[in-house]
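I opened the model to look up two things.

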Amino acid sequence: KTELNDPNALSLATVDKKTFYPSVRIVLLKDVNNSGFTFYTNLDSQKSLDSEKNPKAEMCFHWKSLQRQIRIFGNINQVSDEEADIYFNSRPYGSKISAWASDQSKPMNKRSEFLKKIENFEKKYKDEKNVPRPPHWSGWCLKPSSIEFWLHQNNRIHERLRYNKTTNGWE
């Protein structure tokens, strides 16, 4: 309620298993439940390719207006087709069409070519309520093994509370 712009925005860090270079980008959290923290994306994106090869990731929420941050580390796995279908069907029509047209993380020759692909998919899927999920689009769920809560304090004496998942629960 206090964070005006995208309070569900988070930084997602993955690591390429081949080069071991970290990669960080902003994604939007779409679900949190007992399984973990879920976002959706193109399976050909760099974050998906990294996650397939190295299923460790970290998320970081930062709410400047609240002067708080939460870091979440754990294993990341692709969600079930059923879960991806349910979320995909809740999206606006234009977002569904963009998921079909996008070659995420690949160079674009001309923006006009991308807009033409969107137009072609709009012709193919005229019924706004009946757009199937593309096979190259799904979600990822980060199951936390560690969560750290950070609270700003004056003079940089910040408060951090770190919880680690154990066989007995959270410590």
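Entry 1. I looked up which residues of helix α2 (residues 81–90) are buried, and found A84, Y87 and F88. Buried means under 20% relative accessible area, exposed over 50%, and partly exposed in between, with a 1.4 Å probe and protein chains only. Seen down the axis of α2, these buried residues fall within an arc of 100 degrees, so they line one face of the helix. The arc is taken from the directions from the helix axis to the C-beta atoms. On the other side of α2, I noted E82, I86 and N89 as exposed.

Helices (H or I, at least four residues) and strands (E, at least two) are DSSP runs, numbered from the N terminus. I then checked what covers the buried residues of α2; the cover includes β4 (36–42), α3 (93–101) and β7 (137–151). Contact here means heavy atoms within 4.5 Å.

Entry 2. This is a predicted model, where local features need pLDDT of at least 70, side-chain atom pairs count only at pLDDT 80 or more, and totals for chains, interfaces and linings use all residues. Residues are numbered from 1 along each chain as its sequence is written, and side-chain values use heavy atoms, with hydrogens and water left out.

Entry 3. Most residues other than glycine have a negative phi. I found that Q67, not a glycine, has a positive phi of about 55 degrees. Q67 sits in the loop between β5 (56–63) and β6 (68–78). Its relative accessible area is 40%, so Q67 is partly exposed.

Entry 4. N155 is not a glycine either, and has a positive phi of about 60 degrees. I located N155 in the loop between β7 and β8 (159–166). N155 counts as exposed, at 72% relative accessibility.
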